[in-house]
Amino acid sequence: MREATESLQDIAEALRLAVSLVLSGDADLVEIVVLSLRVSLTATAVACAIGLPLGALVAVARFPGRGTALVVMNALMGLPPVVVGLIVYLHLSRAGPLGFLGLLYTPTAMIVAQTILIAPIVAALSRQVLEDLHDEYAAQFRSLCLTRAQVVGALLWDGRYALMTVALAGFGRAVAEVGAVMIVGGNIDHLTRVMTTAIALETSKGALPMALALGIVLMALALGVNAAVHGLRASAVRHAYV
Amino acid sequence: MSDAALPFLGGRAGAAASPRAPLLPMRARGLTLRRGGVAVVDRIDLDLGLRGCTAILGPNGAGKSLLLRLLHGLEPPEAGAVTWNGAPASREVTARQALVFQTPVLLRRSVGANLDFVLRARRRDRGLRAALLDRVGLGDKADRPARLLSGGEKQRLALARALATGPDVLFLDEPTASLDPGSVLMIERIVREEAERGTRLVIVTHDVAQARRLADDVVFLHRGRVIEHAPTDTFFAAPAAEAARDFLAGRIVL
Ligand SMILES: Nc1ncnc2c1ncn2[C@@H]1O[C@H](COP(=O)(O)OP(=O)(O)OP(=O)(O)O)[C@@H](O)[C@H]1O
Ligand SMILES: [Mg+2]
């Protein structure tokens, strides 16, 4: 590890180089950003496919153990990424129960880890959204004698703006985490290197321009996600859809 | 009124072709519901005949809205029971009725989509939408977000949605409470048309003159009890109960 002896000028120069890397669309940088997006967007899609129906079910159904399910769902929201990484690693490693799949150190392993990380977030947040909506609609739906499937369908559709916000929150968490992808992906160049693991590596190598360039893209993404959330809310409010 | 003028009620003719048992008369016996330790619906006996319009009158908090919910089968009574033509309350019975709530709950969609949803869910003809909207005077607002309608427009949309299910029994909880005079006439015309077609109507109202105009019989509710149930003329000519006399005279009934 290089000593942190950068002067202010060095940092300013690194920043200038970083900006030019971003603006010139440096091939390595683009490759890393694309892989990050592919992994985290896929994980978000899978987490939504699991978490939304689960959240909807817990929101409208009354069953024994529902209280426990709520507590577990909420607790899992705070799973530390490194712990998720470790658990997935233990399953996918050669000696692990799923070792024969040969998935360790592949993008698929990273998708699995991020999915496990954010599916509870999607489930717990969408449960809250849908339960509030259901409280409001329940009597009207009972009067209309809708089936359970019709109720869930209507809730998902009417909660669509809030649920998109939930999905974006999940994506934001996935794309910014470093612990899980580092452990199960291994940060292999051209294969499993994503923005967060690359930033950690480049910084420790002293390659500040690349680290900063990736940092800029990650920040821009975070800003973009927040702007999207804001825009969604504003458009929902305009139509009184919240 | 001819069938052609009300094309969306064609569903009823279809139902008659495959005869279902009539839903009425309704018999409620000993209906009781407690809220916060108080019997807010208290051992109510009530009969609804085959046809016509029944008005439920009574001061705020008398239990009118809760009584409608019990009759419609939205919640089970703690004691007593409702039977419809001898059959106990059931999902099938509720499905043949509609309730327009005191505060309408509309979906977060356009006006037209609110009706589409019900027509689709209840497997009714989607083509009924335009006629329903015209009937409640919302023909030009089909694409507006439903929740941005004015209070009165929301109530009219809620009525259209109730009619969209083609109900045999229609419960209306203060359907004209926030409507302008023109809209009140529109709703009252619909109530009359529905009654003529054989829909059984039960309407909660604070508008005494409206009860006189629309109702065949009046139920006066007070503190969760039916104080009086009489034909409209009898009730207004000489209310038997003192609470009803005070209510009609505009005195505060406690
Ligand atoms: N969940 C509840 N908890 C406690 N009290 C309740 C609850 N729901 C209703 N009540 C009480 O039950 C009584 C009857 O309520 P209801 O809504 O049926 O009155 P209402 O006759 O429709 O009055 P209004 O004319 O104001 O609409 C009221 O005193 C109300 O405060
Ligand atoms: Mg009421």
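## The magnesium site

Two side chains in this predicted model, B:Ser65 (through OG) and B:Gln102 (through OE1), coordinate the magnesium ion, ligand 2, at 2.0 to 2.2 Å. Donors here are N, O and S atoms within 2.8 Å of the metal (3.2 Å for Na, K and Ca), and water is not among the atoms, so the site may look incomplete. The two sit 37 residues apart: B:Ser65 is in helix α2 (residues 64-72) of chain B, B:Gln102 in the loop between β6 (97-100) and α4 (111-121). Helices (H or I, at least four residues) and strands (E, at least two) are DSSP runs, numbered from the N terminus.

B:Ser65 is partly exposed at 24% relative accessibility, and B:Gln102 is partly exposed at 37%. Buried means under 20% relative accessible area, exposed over 50%, partly exposed in between (1.4 Å probe, protein chains only).

## The nonpolar cores

The largest nonpolar core holds 66 residues, and A:Phe141, B:Leu157, B:Leu159 and B:Leu170 have the most contacts inside it. Helix α6 of chain B gives the most, with 7 residues. A separate second core has 29 residues, including B:Trp84 and B:Val202. A core is a set of buried Ala, Val, Leu, Ile, Met, Phe, Trp, Tyr and Cys residues joined through side-chain atoms within 4.5 Å.

## Ala164 in α6

B:Ala164 lies in helix α6 (residues 151-164) of chain B and is buried, at 1% relative accessibility. Beyond neighbours within four places in sequence, B:Ala164 is in contact (heavy atoms within 4.5 Å) with B:Val118, B:Leu119, B:Arg124 and B:Leu132.

## Ground rules

Residues are numbered from 1 along each chain as its sequence is written, with chains lettered from A and ligands numbered from 1 in the order written. Local features need pLDDT of at least 70 and side-chain atom pairs 80 or more, while totals for chains, interfaces and linings use all residues; side-chain values use heavy atoms, leaving out hydrogens and water.
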